[in-house]
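Look at the sequence and the model side by side.

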Amino acid sequence: MNSCSGRRPRIMASSSSLPQNTISDILSRLPVKSLTRFKSVSKNWADLTSSPAFIAAHIRRSSPDPFLLIRRYHSQSGWDYGIWLITHPTLNFGTQLLRTPLEQSLPRFPKIVGSVDGLVCLDISPCYASDFVMWNPGTKQFKRLPLPLISSSRDNPIWMVFHGFGFDSFNNDYKLVRIVSFRGNDASPFLRVEVYSWREGVWKEIEERFELALLCGGQDGVVVDGSLNWSAIGLQRFSDRKVVISFDMGREVFKTVPLPPVTRYGNVKVVSYMGLLAVAVYPLVFAASGNNMNRFEFWVLSDCEDGTKRWTNLVVVENFSKSLVPVGTWRDRELVFKYMGARDRENQSSIFLFDPVDQRTRRLAIDCVDFCFEGFSYVESLVPVN
């Protein structure tokens, strides 16, 4: 029977009638949860969304607007801990408590080593950073990594361990770097270094070392343009300042980057800013009289026209509060600060965003006054843990 309305019937195009690149473009705009569901609907879509080209395209669309991944636990009790995903921290603020892999069987709450392209590396060991999990919170996949090669012994006990997790674009590989420090016979420690390759699924010890520096404790490597970076105390010719120890993940070599002399008198937090190596310098809580700075400075290692690099001072804030501590960057362009002072009952928030360009400060609705806090940028992705 013909319609009398005069309107033509609508013809719906099936996915098979659309070009493959159009389907790929549409799907790459969808959240991971939807894409995971679609894998069971169509084998063609499952194959498409599992391809490296699609996964890379999906990451590129997600990267400009990352979420904030935070790990916190109560400073005094050690309880009330969790890893939280903060969606759209400055707009439609939302929080989600994530279920951590193997949480019920772990001796302590996991520590986040790093977050890159939707993969989160967790340290689940009780000590010496000796047990790790690769986790994709978006797909809920996780993998317990093989145990590292370098371990502690009675005759050769480990002193300290430093690590970092990042992406090696040269080899298209995600790498976990573990720097193990043994106390030597003299004042300087003896170092051994090993690298876990996501692509190969194994650890390997490398011969590469660095000298003239002592890594500062309590820090993880910061990813900047294919390198992992740690702050360190300079020795010998660098004894008048602090330095950055930088590990090139593609060539697997270290180099030492001297920091501005002002870093000698303050705390240093290494961060990534607009794809460049940067350091936030802020007051020491305890310092010998006359040896402490009372200001905040933000320095960026910029490229010069002659091909060299030079430290540029972007921000100086005089009479800076010792209660404000930089903990990282969000979206690679705003500094994240944690307030460490007494609780303000009228305003529970203790996390601030600071833009070094316009020097605007924004307060986030996250109560972490009584909590230890670590923050990382996070994007959803389909990157597999294997």
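How many bridges join strand β21 to β22, and do they run parallel or antiparallel? In this predicted model, 6 bridges join β21 (residues 324-330) to β22, and the two strands run antiparallel. One of the pairs can be named: Trp-330 has Glu-334 in β22 as its bridge partner. Together β21 and β22 make a hairpin, with 3 residues between the strands. Arg-331 lies in that turn and has a positive phi of about 60°.

Strand β22 (residues 334-339) also pairs with strand β23 (residues 351-355), again in the antiparallel sense, over 4 bridges. Here Val-336 is found opposite Leu-353 in β23. In a regular strand, side chains alternate between the two faces of the sheet.

Now turn to the nonpolar cores. The largest one has 30 residues, and those with the most contacts inside it include Leu-119, Phe-132, Phe-165 and Val-383. Among the elements that give two or more residues to this core are the helices α1 (20-27), α2 (32-38) and α4 (52-62) and the strands β4 (111-116) and β9 (173-182). Strand β9 provides the largest share, 4 residues.

Leaving aside neighbours within four places in sequence, Val-383 is in contact with Ile-55, Ile-59, Asp-117, Leu-119, Asn-136, Tyr-174 and Trp-198.

How values were computed
Residues numbered from 1 in each chain as written. Predicted model: local features only at pLDDT ≥ 70, side-chain atom pairs only at ≥ 80, totals over all residues. Heavy atoms only, no water. Pairing = 2+ DSSP bridges. Core = buried A, V, L, I, M, F, W, Y, C linked by side-chain atoms within 4.5 Å. Buried < 20%, exposed > 50% of the residue type's maximum accessible area, 1.4 Å probe, protein only. Contact = heavy atoms within 4.5 Å.
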